[in-house]
Amino acid sequence: MPHSWLVLLANLRLWLARGSVASLSCSDERLAYPGPSFRAWDKVSGTVLSFTRTEPSLLQYPCNEGDPWGRSSPALYLGQKVFLSTDGFTTSLLPLTIPAELEPPNASVSAAAFVRKDELAMVINGRVYLYNFGARKEEWIPAQGINSLVTELSNTHCCYAGQDPACQAISTTIFAYEIGHSAFKSHIFKSENGGSSFTPVKLSPQLRGVLLGVYNFASLSQSGVLIARTHHGGEGKGGEAYFTYFGGNVNQTSNHISMGFHLKPSGGSDVRGIQHPRLWGFTILWTKDTVLVSSNNGLLVEPVTVLATKDLPSSPDPFLASGLCHVVVSNAEIAALTQDHQLFHGSLNMVSTTLVYVGERNSSQKGLCNAVLMFDEVGMLTMLSPVPTNGSWAYNFQKCTFNMQLLLMNVWPYLPTCPVEILKGQFHKIHYIDMHQKLNLSATFVPKPGTGAFPMVTVSNPHVLGFQAKITEDGYTYDGHTKYSLDIQLLQQYFSGMADPHFSDSFLFGGMSVLTVDVPNKGSCCIDIHPLSALINVGCPPTKHITFFKNTTVCSKGLFTIGMLKDKFTYTIGHKLYDPNFLAMPQMGQSDLEVPYDYDKLGCPLLLYYDTPWLPVLEMWENNAFVEYVSADFVVFEVNGMYNYDYLLTAAEANCVSQPQNWTALIQKQASPDPHTVWNRTNYLSCKNHDGPKLVSPSAKYQILNQNEKNKIIFSYYNGFYIFKAIVVDKFYSYCELSAIVSVYVSGALPKSYIDAWTTLTAFLTVILLVIFMGYILHKQSLKKKFPKMKIF
């Protein structure tokens, strides 16, 4: 279509819409109809669920982007009846029920949370249930580990593509708790497996105030608790509510509290919380009277500003008269609906979030808060309300969809135009930064001429993640506008050298942070210009691992064949050569150990010779590609407890200045000996550190290996199999718990003779002397025969 026609069409729509701001009309309105498998006379079975609050709520599964079939996200409507829809409420629905044997009549839902796309967690009459509504079967499962009644659920989702374990851990973390009681006395439970089982969480007894909420601030690597201050002892703190943080590895925010902020008195303890689905750090809190937003995981919470228009003059409390009914957010938008069906819309912004009064929806049910809001796609907002049918248990849903771009054109004289033309980059994925690594990202930015708009770069967890950003001109667009390139280099804050050492988090564990690129105060008209975000995991990349380098194997030398090792092959370890407690001590009365060989796990054994000291060579791999040879400190042990090997160097020969650690001492400290866990990067102490324990035994064997040092493993006079496991213990090498296993076959030790060595030597010397003597006698006799008259001495 020519550009002039587009302009004409836009002006026509604007002309048609002018003067109708106060009365909203739907761009698309429909009533749900029965689906092909629905029968009007269907009846519900079990106990019908209802919502405990007077205002309805809508819960959508947020991770539905990229659905190849364009299907709607599953959604749960919570009102006088509870309805679950998997098709965007386009068909009639029966109320949701729970089996009567689990809950009697009057089953009230006080909270719900999507765990997965086909699984819900619900609090029903104070008890937590998992509801699986997958295609195979529907199933209700009571959660385990909660020993008291709870009222709330809280979780957030990691919606980045792929099967990343860190992302899945975020999505399967759920808090169940009760509100309205003293914070440190409240019952809080945490699940890390999607709600199947919970464990108690204890808060500090020093916390004062009433518990309002518990949140998983994944992009801060912390959990947060929302507390309302009590009047007693709460003076001078700067607000009526605050966040405090616990858990995780961020020392700087442990026992730290946010800036105080005010909640409206009429809100009471009924505070709704919404966490942004992209983990940007946005948290929205709202009561009947106010909407507050934080862009940094609750550290700073501010009221949402409502812009004045010709239909809504400036007011300090725009929601006080009618009261809020529902608030909803999408990736970049926020919308609010009052009980009088007044609609507000805005864009989430890192500096300040503003709402614009869009209009009022004429309805015969004004004052009845039975409608909810739902974002279908960018700029398309739906008002949804259930409608009962005559003579049936089924409900239809009245759907009124608004095109927010058209509606916002009505208030354009009061709103600044979008100052951005282009903001794009390949950000939306999980990126890993291992120890000492850096990550480079870039974005393209085109501002509208004369606006002076430029992007801002932020990270949600600066204690963990540091960055450097540079913006440069990078040509022009087809319209002749200047194009800019934003280059960002990210690195771990601890090693960046850009922050005070006390500001940086401990390097040992890393953490999560979200990088966001956005234009400050770009306004509500930038619906299509979304912030760029990337989840940065300062930690172990899931595909990084180590293996043993094998140059010569028993298979390549023909000592064994692959078929032989695969065919139920076993070998024997003598009873004097192993200790099941891994303390290198002979066990009385134990028998020889028969070990089945696992070829699928071990492959062909590495071939070594008993009289050649061995230094294992470890390879680092990532994404099925070789990275480097490991040059970090590591330790090894024989997995069956064999101890007929030793180390080449002593502590003195390894230049230790403190007493080195060893396997025996570490295992003796464990209640149940387990060499797989006893020595790792979290408890390793280098003997080159002057702050370590005093060097009292310089002759002790040094049991740490490194490619850059001379220490090696030496074997005894023995032929046979060993299975070694290597564990990298260097704190500064990687966040990964790196370990690898290898089988070794040691050969070259000839069978021992049962004849005494001195006897053998004496016999050998005697034979030599006899041979010499016999040679002399024979030579003398031959001379006598040859010269009979000669006297021979």
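Accessible areas here come from the Shrake-Rupley method with a 1.4 Å probe, and for residues only the protein chains shown count as cover. On that basis the accessible surface of the protein comes to about 39000 Å², with 55% of it belonging to carbon and sulfur atoms.

This is a predicted model, where local features need pLDDT of at least 70, side-chain atom pairs count only at pLDDT 80 or more, and totals for chains, interfaces and linings use all residues. Residues are numbered from 1 along each chain as its sequence is written, and side-chain values use heavy atoms, with hydrogens and water left out.

Of the 793 residues, 50% are buried; buried means under 20% relative accessible area, exposed over 50%, and partly exposed in between, with a 1.4 Å probe and protein chains only.

Now the disulfides. The structure holds 7 of them, a disulfide being a pair of cysteine sulfur atoms within 2.5 Å.

One joins Cys63 to Cys159, S to S 2.0 Å. Its S-S torsion is about -65°, so this disulfide is left-handed. Cys63 has 19% relative accessibility and therefore counts as buried.

Another joins Cys325 to Cys369, with S to S at 1.6 Å. The angle about that S-S bond is 105°, a right-handed link. Cys325 and Cys369 are both buried.

What is the S to S distance between Cys540 and Cys736? The value is 2.0 Å. Here the torsion is about 100°, so the disulfide is right-handed. Cys540 is partly exposed at 30% relative accessible area, whereas Cys736 is buried at 4%.
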